[in-house]
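Please look at the structure shown here. The paragraphs after it go through parts of it in turn.

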Amino acid sequence: MEKLFSGRKPSLLLLLVFLLFPVSILSFLSGSNGVALSTAFGHYLRYYTFCDFHWENGGGNSFDSFPRHLSLMPVPASKERITFLSHYRYYQNTCTASYSYAWKTWKQWEEDIDWMVMSGINLPLAFTGQEIVWKKLWESYGVSEEGLQQYFTGPAFLTWQRMANIRAFAGPLSENWILTQGMVVFPVRFFSDSSFSFLYHLRCLHLISFFFCHFSSSLLCCFCRFISSYLAELQSSILSRYSELGMIPVLPAFNGVVPEEMQTLFPSANITRLPAWNEFPQEYTNDYMLSSTDPLFIDIGKAFLELQFSIFGENAKSHIYNADTFNENLPETSDPSYLASSSTAVYNSMIAADSDAIWVMQGWMFVYQPYFWTDDAIAAYLGLFLCCIHCYFCSLMIVFFARALTLTLTVALLFLSYLVFSLGLSFLVFSLLPSFH
Amino acid sequence: MNQLFVLFVLLFLGLTASASSENHVSSIANIHKKLSSNHEGKEFTSAVQSLIDRVLVRANATFQFHPILEIIDMAEVDGQLYDVFEIDSLNGKIVFR
């Protein structure tokens, strides 16, 4: 039915069916895309049925006032049209991945995504399961299992490991954590009606058969791969749901943090140790950072995104990526040319894998260390491909005054022309008048 | 003569500023084009109906709710396109547009 009437304009047939089946087809829901449509429904729930829905730990859902019968659904007294105030409604601090999402199951994610889309959010962060990509990436560069254990933190601290603040803290990132994620995700997804799909079950069977086939060779290795598939499955499910509803996920990209072993593996690479962060013991901080001016930077950045595309599929190619380079860490120097080349390298590593890449980053570092991030430093860092907020307002002011002056002068010229014409005409008339006498 | 020169300078400034403003708008349009490219021509109605079904299950609703879902044109504000939705009534029935 939805497909039949999903055209852009309501047809006569649609109205006829509407009149014939007024109960089964109660209403029309229209919006400019999936997010707008969902927000229309969310708006109706909030402002017409007086229901409420929140984050799981922010009040949860309140559906007490939801009508008990279809005929009791409230009818709006007049037409309401709401235009969104901005193109993009972004959601999530990068820290949210650890603060709130480290232990969430697909069922919790599903409710959260529903809340997002009914609240109008169309640009959510999609950081789940990225450690699979990092692990495969570093293994491809020759980093050992021990090296990775000294690199990844525990699940609830991964955010700060990703941003080069800490390493190995509350780690290593154990297979037990991955197992827990997998075991929680598995039964919920398998028996949930809303996520039921033949393809999904096929994949489950494939994984189970994979598990038993490789049982004799190496139980641990097989189990890790099996569970890793489920972590990727969780992120795949999230990305798939974002895509279905028309949301644009922001995926991670390379920001320069590398495992310690990379120093040994690439002795000529410009890898430096950052200062300690928040007085953490040395073994848990002083992260290793590959200089963005090193040629290896673009190589790793490109490889990471390509690996991410191959693991999570087309839904991961959203063209918008997050990389926070100096989160609560200062760059080596405030030299504008260094800052400019540093940001250029990050962006170049993105466009090497996706020519339409857009870099999104948090502004926190500019606020946290304002003595370093002066206007000039920010302009140097962002100036190559972005216009800073000051420039934007300056350009607006120039436009305003220049247009005002142009308009004033045009009016003055027109008035002058009119005056000259009138005077000329008057002179002509008066000069001709005596001849009539 | 001096006044004429000033006039030309101001006209030049005005035209340059207008061009800069247009560049800004076109760069936003370019970003919008890149980000929306994945969703062009996509069918959203079944996903939104599934969302409604899930919400009704959470609300313990005893009935099915199958509204007609329709995609409408984006709203144009100052030459730029923005997302929009409508809620209305038709023949005494609810209309979300």
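A residue counts as buried when its relative accessible area is under 20%, as exposed when that area is over 50%, and as partly exposed in between. Asp114(A) has a relative accessible area of 0%, so this residue is buried. The model that gives these values is predicted. Its scores are ipTM 0.78 and pTM 0.74. For chain B the average pLDDT is 78, and 66% of the residues score at least 70.

What does Asp114(A) form with Arg58(B)? The two residues form a salt bridge, and their closest N and O atoms are 2.7 Å apart. Because Asp114(A) belongs to helix H4 (residues 106–118) of chain A and Arg58(B) to helix H2 (residues 45–58) of chain B, the pair joins two chains. Arg58(B) has a relative accessible area of 22%, so this residue is partly exposed, whereas Asp114(A) is buried. Side chains of opposite charge can pair when their charged atoms come close.

Over all chains, the structure holds 14 salt bridges. One of them links the side chains of Lys302(A) and Glu306(A), at 3.1 Å from N to O. These two residues are 4 residues apart in helix H12 (residues 295–312) of chain A, so about one helical turn separates them. Lys302(A) is partly exposed, at a relative accessible area of 31%, and Glu306(A) is partly exposed at 36%. Elsewhere, salt bridges with shared partners connect Lys107(A), Glu111(A), Asp114(A), Arg54(B) and Arg58(B) in one network. A further salt bridge brings together the side chains of Lys104(A) and Asp112(A), at 3.6 Å from N to O. Both of these residues are buried.

Next come the nonpolar parts. The largest nonpolar core has 100 residues, and Met116(A), Trp138(A), Trp373(A) and Tyr381(A) have the most contacts inside it. Beyond its neighbours within four places in sequence, Met116(A) is in contact with several residues, including Tyr91(A), Trp109(A), Ile121(A) and Tyr242(A). Another core lies apart from this one; it has 9 residues, among them Leu123(A), Phe127(A), Val250(A) and Leu35(B).

The last stop is Ser243(A), in helix H10 (residues 219–244) of chain A. Is Ser243(A) buried or exposed? Its relative accessibility is 13%, so Ser243(A) counts as buried. Its side chain makes a polar contact of 3.3 Å with the side chain of Asn315(A). Leaving out residues up to four places away in sequence, Ser243(A) touches Asn315(A) as well as His39(B), Lys42(B) and Phe44(B).

Note on methods. Residues numbered from 1 in each chain as written. Chains lettered and ligands numbered in written order. Predicted model: local features only at pLDDT ≥ 70, side-chain atom pairs only at ≥ 80, totals over all residues. Heavy atoms only, no water. Buried < 20%, exposed > 50% of the residue type's maximum accessible area, 1.4 Å probe, protein only. Polar contact = N/O pair within 3.5 Å; in protein donor to acceptor, adjacent residues only side chain to side chain. Contact = heavy atoms within 4.5 Å. Core = buried A, V, L, I, M, F, W, Y, C linked by side-chain atoms within 4.5 Å. pLDDT = per-residue confidence, 0-100. Salt bridge = Lys/Arg side-chain N within 4 Å of Asp/Glu carboxyl O.
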